[in-house]
Amino acid sequence: MKAIVLAGGLGTRLHPLTVSIPKPMIPVANQPLMEYVIYLLRKHKIKDITALLYHQPEIIRNYFGDGKKFGVDLSYVEAKEDYGTAGAVRFAAAGFDEPFLVISADLVTDFNLQDVIKFHQEKKSMATLVLTRVANPLQYGIVITGKDGRIKHFLEKPSWSEVFSDTVNCGIYVLDPAVFEYIPTGRSVDFSQDLFPQLLHDAKPIYGYVAEGLWKDIGSLPEYSKVNVEIAGGNAIGKNCKIDPTARLDQCVIWDNVTIGAEARLDKTIVARNTSIGERVVCEEGVVVGEDCNIGAEAQIKPYVKIWPNRVIEAGAVVSRSMVWRDRWARNIFGPYGVTGLCNVEITPEFAATLGAAYGSFLGKGSRITTSRDSHKSSRMIYRALLSGVLSAGVSVSDLEMVPIPVNRYELKALKSRGGFHVRKSPYDQQVIDIKFFDENGMDLLSVHEKKIERLFFGEDFKRVGIEEVGELNFPYHRVAESYKEGVLGNINKEAVTARNFKVVVDYAYSSASQIFPSILGELGIEVIALNAHIDETKITKSRVMFEKAHCQLSSIVKSLDADLGIMLDTGAEKIFLCDEKGRLIQGDFELAVMTILFCRSQKGAEIGVPVKVSRVIDELAKKYGARVVRTKTSVRDMMENCYRGRMRYLGETAGGFIFPQFQCAFDAMFASLKLLEMLAKENVKLSEIAAEVPRINMASKEVSCTAENKGKVLRTIVDAIGDEEVDLTDGVKVFHGHDWALILPDPAKPVIHLYAEAESEKQAHKLIDQYVEKIDSII
């Protein structure tokens, strides 16, 4: 059998080690990474090998030659364009007429390839994927197979909410040439994103072989260090090194031709070739030093700092640039709600400036973005640091200053911006700052774009422009406020709202919406009793008790003033919380049901969206009015994406967020409030009358502690144990038990699994929750 070795990766996650050499050539225990793959193929009698090259191909060619000295016949194909993994393999396999093996050059494994080939032949498979089980499957493609090995589900690089197995794609495949008809020439086609999902969709024979043995994917610096230390049994030391006997090294990786002076101390440090480290130098945990560096005596390199090749560090210098972040920041910047962290501890001005430069580099010189913030002084500090980083990358900024989040989302489209961001003090935690990034449509960034920004940030691989190319800063606030007002009023039935003569109590929650919303309400002739209608930076964050107190206060005022209803905004002006004219509080699943009834009554037959975790009552109500329900993931980005890409006219969730895509595909408390009034006016009903239509909702929920390493195992075990029950894998694992259901949903950031259940009674819902708590406890 022939083999193709994928050796064209850029290796950006291993910078600075891969700045000067391609990833397949980095040494693992003094042997290039790709050499392990060549010897594995030879061991299993696969000697006709083609290496697919792209990045710095001459280094690989010069080392391996024709392969004779390694006992194989090695040829090369060099891709001149990025065809994607599958497209590149088709390019390399031109003329192949028999099954062949594909393997990544950045693996260390002892899998029995002959067993894989035999399995492929026995199954008459079109494509066979080698699989293994790992504790943390987030960075791989996860796979579920049937008992016969046939692949049933496949998802590339999931979030925790999408993890339904801990069985992952190893980057080793056996392919039949018949797959070529699914790989068009001259286009970028990826195995995991394109080819395998298409084969699965077309019910082609695609199988997974779960292999036993060693498998190490060298995808990150910590993994690279770990593999070296494991193989070497301590420190991995290269050839021709000069290390003073008094130097102390602990679990270090040292390449060839490195000099380390007397009394130097290196802790879990990687040092690339031809580098000199002086006397009494201290390299703390996680430091990575590139090739040809000179570090002067008594210099101190702080934890996790990366030093690029060809740098000179003066004697006695303390180097704290680059990466000086704790583990959680090393793993991830973006979370489910954007970038969040403790102010001046995790999110500092230095961090913000670097993040701004990474974001600006992602967008590219000459781009324009639209930015905003809340009223807090800490937000202003981080905001200005972010702006400086963005401007340094040659990106210009339309600074809206202090406006609500929905105004920024709406206006960046009008300003033809490539994206934007909003900085705020967290509404839930007094010590935390949130940074929300937007794309060109005003929606939250795609996770793939977040990961690109993270790679630029972690690698400090961003461009700084010249002095005359720095981005420009302008302040279009007054035009923006009018533009937003015109947009809102242009999408509301003004005549219907005005004719109803509403009397409404509005709690502005001390937000910047109090500077914009009153004039819009005034245009519609609404009598408004305004609460907390001034900006107060000390009251941005609310505890649960404070929120409930404010909601109850709203209820009391509505009743005492005989108002038609009360509306409380959140401080970001994204969510609304209601009470009817009788003072009844309306929030959560109940509020979602009320809004859904109103929408379905006013626009019969429309398509609506709700997250997968909400009550089945929504489906019953929609059916009553001829509407169609689409279930989405629980992430805000996925809800927005469904609204943008689909035909939805409305989407709601249980935390007070509502999207009306006719205006914008994002939560907007001001527009949602007006839409509520419009629907009440058109239907000529009171809010209490709609609330009376909502059936009883019997739901229960619970959080179960679960480490990140066990989440995949939990979901795989639950999926494997499912019998004839209906299952929904939209987000997490939703198992139907007749009319009842339970949802097992891993938290994307915290070490917990969320459980939700709905049944005919609240008691039965809690019982269903308890059953799944027992199952999870037995697994972990």
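1. How many bridges join strand β31 to β34, and do they run parallel or antiparallel? Strand β31 (residues 396-402) and β34 are joined by 2 bridges and run parallel. Ser398 stands opposite Asn474 of β34. Strands here are DSSP runs of E with at least two residues, helices are runs of H or I with at least four, and both are numbered from the N terminus. Two strands pair if DSSP finds at least two bridges between them.

2. Basis of the model. This is a predicted model, in which local features need pLDDT of at least 70 and side-chain atom pairs count only at pLDDT 80 or more, while totals for chains, interfaces and linings use all residues. Residues are numbered from 1 along each chain as its sequence is written, and side-chain values use heavy atoms, with hydrogens and water left out.

3. Confidence. pLDDT is the predictor's confidence in each residue, from 0 to 100. The chain average is 92, and 97% of the residues score at least 70. Over residues 323-331 pLDDT stays under 50, and the model has 30 contacts for them beyond four places in sequence; contact means heavy atoms within 4.5 Å. Where pLDDT is low, the predicted coordinates should not be read in detail.

4. The sheet. The open sheet has 6 strands in the order β29-β33-β32-β30-β31-β34, with mixed pairing. Its edge strands are β29 (339-342) and β34 (473-474), each of which pairs on one side only. Helix α8 (residues 349-363) packs on the sheet and touches β29, β30, β32 and β33, its direction making about 10 degrees with that of β33. Axes are lines fitted to C-alpha atoms, for helices over the stretch in contact, and angles run from 0 to 180 degrees between N-to-C directions.

5. Cores. A nonpolar core is a set of buried Ala, Val, Leu, Ile, Met, Phe, Trp, Tyr and Cys residues joined through side-chain atoms within 4.5 Å. Buried means under 20% relative accessible area, exposed over 50%, and partly exposed in between (1.4 Å probe, protein chains only). The largest core has 69 residues, and Tyr484 and Phe502 are among those with the most contacts inside it. Helix α19 (residues 669-683) gives the most to this core, with 10 residues. A second, separate core of 40 residues includes Leu41 and Val174.

6. Helix α12. Ser483 lies in helix α12 (residues 477-489) and is buried at 14% relative accessible area. Beyond its neighbours within four places in sequence, Ser483 is in contact with Tyr410 and Glu411.

7. Salt bridges. A salt bridge is a side-chain nitrogen of Lys or Arg within 4 Å of a carboxyl oxygen of Asp or Glu, and the count comes to 33. Arg424 and Asp434 form one, at 3.2 Å from N to O, linking strands β32 and β33. Arg424 is buried at 9% relative accessibility, as is Asp434 at 6%. Glu607 and Arg628 form another, with the closest N and O atoms 2.4 Å apart; Glu607 is buried at 11%, whereas Arg628 is partly exposed at 46%.

8. Strand β46 (residues 733-737) has 4 of its 5 residues buried, so the rest of the structure largely encloses it. Antiparallel partners are β45 (residues 727-728), through 2 bridges, and β47 (residues 740-746), through 5 bridges. Gly738, in the turn between β46 and β47, has a positive phi of about 70 degrees.
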